[in-house]
Amino acid sequence: MKIKKILLFITIFMLSVFLTIGSVNKSISISEGEKVEKSLSSVNGSIFVSRNCKVKGSITNVNGSIRIEENCEIGSFISNVNGSIKIKEECKTDSISIVNGSIRIGKDTNVGGGIDSVNGSVSCYEGVVVNEDIETVNGFFKLSGTEVKGRLTTVNGRITLKDGSRVKKDIIIKKSKRGFLDNLFNRKKRELKITLKGKSVVEGDIINKDEERRVILFLEAGSTVKGKVINVKIEKI
């Protein structure tokens, strides 16, 4: 699910909420070891999935948190608007998307698709594998011991790779539009920082496509960019 499609899920979600295990103005809690054959959806409530559970469908929420405990398997995507997503260790899921909230993914979790965020951070921990791209607009990446088989793409967010993280493809800084006040007061765009440390590796390029934004790559000894570094200043640390 790409960023431009994230908001579309809200409409689909509202139409399908009563065709799933859904609720409005209350939370959903799934007990330990339970198998759920449908999707889970909530408006103005939280969704909690205890450890060792299997959910055949998706988990979607508006205005509340999603929390998934250890060793769970989600058959489809996880999406949230105005809330957080926290996934603990050794889980499996498809794509993950969020608008206005943070994503935290625990150790040894496998994300079969990609991760998309608008106005929120993405944090992944040791042993996490993301099989497609991670994209964000206004939020930072913090990857620790994580493998990303696709690209990292951002507009305004800083990026930190540590503890042997590996990105198989490129890191791309997209061009952002200047706001009315930026043009009126001739304000410069905020500096963006990329940090690679702890023997982390980018196998592709690091490309800054925004000529108006200063981007600095802080590169620790032992960490590597195998491709080209374009329109980015490199500082050794």
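Which residue of β10 does Val62 stand opposite? Val62 stands opposite Val81 in β10. This is a predicted model, so local features need pLDDT of at least 70 and side-chain atom pairs count only at pLDDT 80 or more, while totals for chains, interfaces and linings use all residues. Residues are numbered from 1 along each chain as its sequence is written, and side-chain values use heavy atoms, with hydrogens and water left out.

**The chain overall**

- The protein chain's secondary structure comes to 2 helices and 32 strands; helices (H or I, at least four residues) and strands (E, at least two) are DSSP runs, numbered from the N terminus.
- Of the 237 residues in the protein chain, 49% are buried; buried means under 20% relative accessible area, exposed over 50%, and partly exposed in between (1.4 Å probe, protein chains only).
- The chain's accessible surface is about 11,500 Å², and carbon and sulfur atoms account for 49% of that; the areas come from the Shrake-Rupley method with a 1.4 Å probe, and for residues only the protein chains shown count as cover.
- Take the contacts between residues at least 6 apart in sequence: 21% of them join residues at least 24 apart. Contact here means heavy atoms within 4.5 Å.

- On one pairing, β7 runs parallel to strand β4 (residues 40–43), joined by 4 bridges; strands count as paired if DSSP finds at least two bridges between them.
- Leu40 is the residue opposite Ile59 in that pairing.
- β7 also pairs with strand β10 (residues 78–81), again in the parallel sense and over 4 bridges.

**Core and buried spots**

- The largest nonpolar core has 47 residues, and Ile59, Ile68, Ile115, Leu152 and Ile194 touch the most other members. Such a core is a set of buried Ala, Val, Leu, Ile, Met, Phe, Trp, Tyr and Cys residues joined through side-chain atoms within 4.5 Å.
- Setting aside residues up to four places away in sequence, Ile115 touches a list of residues including Ile96, Ile103, Val122, Cys124 and Ile134.
- Thr153 sits in strand β22 (residues 152–154) and is buried, at 2% relative accessible area.
- Beyond residues up to four places away in sequence, Thr153 touches Ile134, Glu135, Thr136, Phe141, Ile172 and Lys174.

**Salt bridges**

- Searching the whole structure turns up 10 salt bridges, each a side-chain nitrogen of Lys or Arg within 4 Å of a carboxyl oxygen of Asp or Glu.
- Glu147 and Lys168 form one of them, at 4.0 Å from N to O. That pair links distant parts of the chain, 21 residues apart: Glu147 is in strand β21 (residues 147–148), and Lys168 is in the loop between β24 (166–167) and β25 (171–173).
- Both partners are partly exposed, Glu147 at 26% relative accessible area and Lys168 at 34%.
- Glu191 and Arg214 make another, at 2.4 Å from N to O. Glu191 lies in the loop between α2 (180–185) and β26 (192–196) and Arg214 in the loop between β28 (206–208) and β29 (215–219), so the pair ties together parts 23 residues apart in sequence.
- Glu191 is partly exposed at 30%, and so is Arg214 at 41%.
- Arg213 and Asp210 also meet in a salt bridge, at 3.9 Å from N to O, and here both residues are buried.
- Shared partners join Glu147, Arg166, Lys168 and Glu203 into one salt-bridge network.

**Around Asn231**

- Asn231 is in the loop between β31 (229–230) and β32 (233–236) and is partly exposed, at 41% relative accessible area.
- Asn231 and Glu211 are 20 residues apart along the chain, with 7.6 Å between their C-alpha atoms.
- Leaving out neighbours within four places in sequence, Asn231 contacts Asn208, Asp210 and Glu211.

**Cysteines**

- The disulfide count is 0, where a disulfide is a pair of cysteine sulfur atoms within 2.5 Å.
- The cysteine sulfur nearest to that of Cys53 belongs to Cys72, 4.8 Å away, which is too far for a bond.
- Cys53 is buried at 1% relative accessible area, and Cys72 is buried at 2%.
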